[in-house]
Amino acid sequence: MTYQPPVRDHIFILADILNIDQYGDLPGFADAPMDVVSQIIEESGKFTAEVLAPLNAVGDKEGCHWFPDHTVATPKGFKEAYAQLVEGGWPALGAEPAYGGQGLPHVINLSFTEMCSSANMAFGMYPGLTHGAYSAILAGGTQDQKDLYLPKLASGQWGGTMNLTEPHCGTDLGLLRTKAVPQADGSYKISGTKIWISGGEHDLAENIVHLVLARIEGAPEGVRGISLFIVPKFLPDSEGKPGARNGVYCDGLEEKMGIHGNATCVMRHEEATGWLVGTENQGLRIMFVMMNEARIGVGLQGIAQAEAAYQAAAAFAKDRLQGRSLTGPKNPEGPADPIIVHPDVRRMLMDSRAIIEAGRTFLFWTAMHGDLAHSHPDEAVRQKAGDYMALMTPVLKGYLTDRGLKVCSDALQIHGGSGFTEHFPASQYMRDVRISLIYEGTNGVQALDLVGRKLAADGGRAVMSFFAEIDAFVAAHGEDLILKPFVEGLDAAKVQLQDGTMWLMQNGLANPDNAGAASTDYMHLFGLTALAYMWAKIALVAQTKIAAGDTDPFFANKLVIGRYYLQRILPDAASHLAKLKSGSELMMALPADAF
Ligand SMILES: Cc1cc2nc3c(=O)[nH]c(=O)nc-3n(C[C@H](O)[C@H](O)[C@H](O)COP(=O)(O)OP(=O)(O)OC[C@H]3O[C@@H](n4cnc5c(N)ncnc54)[C@H](O)[C@@H]3O)c2cc1C
């Protein structure tokens, strides 16, 4: 079973749920009417399925190779595929035309990125991080830096990385030690060791632009003394071409549980030449541009792996013959029925569909707000869209990767013992998706960001807007008989989310451990409510199509899967609410040495 890009679903979300044609007078969208977008999505599907998917297992088995001269070779076929990626202009889809990009909205780029990640997550990380580096320089670089680096990053001719983590410093970036010493010519000499740097060294691009967090000599301790630097592997010469080798070296690769085709590097910066991005000690603020984009990209990895794993599981379930249906043989001529007849197998397949389809809609819906925040002429629309981006980013990252892992685990379970072997792809999806819960800030840290920072920002303006938007939807569609279960389910989830939010406000401030103890359950309650909203939106469109006489089962199936979500997944909201309200007392009661 090879990956089948979900072209129809992507087009449905962009055309019917988000109706992107309504934004035809905004920059980017103007060049992307739905008929053009549909073609891009079709082509994305072809490229990812034909070029990247066949290399997924190859990359997993072979991994990357490190050599003593500090070079790294990617798995067989990656280099040629990367050349095709660049040749096809794929990395430039969402980049600014001023820097050689195609200037399409991010939400369209997201469609390509999901397919890329489903087809080959390890490969997709190389252009993914490059795009992140592009965005950070676009946000904080000088005009000269933009002119020099952005066209090369936008095209994929040069790669990009983010260098944050150090051996003693992961979540707590305030502990960072890499140092930067100012030079007379305005550059800096960067020294220190960074670990687990994705794409830190490889043979895909002619140069690699590292974005490095470091502390300028004499800067304050903690996060307030961190600056951001551009440290290219080869220093650009006077014509902007790769020149002298810079003092940044890959000293080895990490052996990992998954994403073997992506080089995870130990990077030694030895008086490497770097240039400050933005102002001194403001590095984290700019790096957050890259990290926020990467967080959405990681949430997307959760759904992308889930999609690929689900497809493999569904194919297996239709093929594998074991046992008889509880309601009588469905394959009487054969020795047994295919396992898809068994309700318990259906449970796992339906759980997966219900999460993937609404999760994907949630991703696209949020990314669309990113575009509106960027380019809408109305200040109020921009503000609300920006609020949503900030509020939803930790939910997308944390909830969708937690659920993505569950889908991958269920896909493996459906394969039975075959899933645990390496003859089937289920094991790779399960291993690859696991990192998405950890990097770009662990899911626990996303939950803390949500309850500690995002909820309270601007007096809770973002979450209040979200509640008001749901209320408006409920008021507008509550009377429709078909939509009633969706509207009632959504309303009930929102009430629980409001209840949880209020509890946090009352109990989190008095005792911060209460907020910490509640955070993951709150994030799940939020994710469940957001997906209930997405299912209500999907149901509205599907029902409208059916009422207009459309007999395509695609729409009827959406209503079934959405109702399944309401019956079998959304009830978890009550459990998360009860858990979050139980507070931190028992969780923190035992002394540390009792563990
Ligand atoms: C394959 C791979 C690729 C990576 N790629 C990159 C990259 O390209 N660039 C880069 O800079 N880094 C990269 N990383 C590093 C990654 O971002 C970190 O691993 C991650 O941020 C967590 O840091 P840590 O591993 O040090 O865990 P720690 O910070 O030590 O955390 C350990 C545990 O404690 C919890 N914890 C920590 N602090 C708190 C707190 N305050 N409250 C509650 N819980 C807490 C965490 O949730 C976690 O469960 C990569 C890592 C891997 C494995």
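Is the crossing of helix 14 and helix 15 left-handed or right-handed? The crossing of these two helices is left-handed. The notes below concern a predicted model.

1. Helix 14 and helix 15. Helix 14 spans residues 457-477 and helix 15 spans residues 484-508. The two pack with their axes 10 Å apart, at an angle of about 155°. Angles over 145 degrees count as roughly antiparallel, and helix 14 and helix 15 are therefore roughly antiparallel to each other.

2. Helix 8 and helix 12. Helix 8 (residues 283-319) packs with helix 12 (residues 426-434) at an angle of about 170°. Their axes are 9 Å apart. Helix 8 and helix 12 are therefore also described as roughly antiparallel. The crossing in which helix 8 passes helix 12 is left-handed.

3. Burial of strand 7. Which residues cover the two faces of strand 7? On one side are S227, F229 and V231, and on the other are L228, I230 and P232; all of them are buried.

4. Neighbours of strand 7. Strand 6 (residues 207-216) is joined to strand 7 by 6 bridges, and the two run antiparallel. Within this pairing, S227 of strand 7 is the bridge partner of A214. Strand 7 is also joined to strand 11 (residues 264-277), by 3 bridges and again in antiparallel fashion. Here L228 stands opposite V277 of strand 11.

5. H374 in helix 9. H374 is found in helix 9, which runs over residues 343-375. Why does H374 count as partly exposed? H374 has 16 C-beta neighbours inside 10 Å, whereas a residue needs 20 or more to be buried and 12 or fewer to be exposed. H374 therefore falls in the partly exposed class. L349 lies 25 residues from H374 along the chain, and the C-alpha atoms of the two are separated by 38 Å.

Technical notes:
Residues numbered from 1 in each chain as written. Predicted model: local features only at pLDDT ≥ 70, side-chain atom pairs only at ≥ 80, totals over all residues. Helix = DSSP H or I, 4+ residues; strand = E, 2+ residues; numbered from the N terminus. Pairing = 2+ DSSP bridges. Axes fitted to C-alpha atoms, helices over the stretch in contact; angles between N-to-C directions. Parallel < 35°, antiparallel > 145°, perpendicular 65-115°, else oblique. Left-handed = near helix turned anticlockwise from the far one by under 90°.
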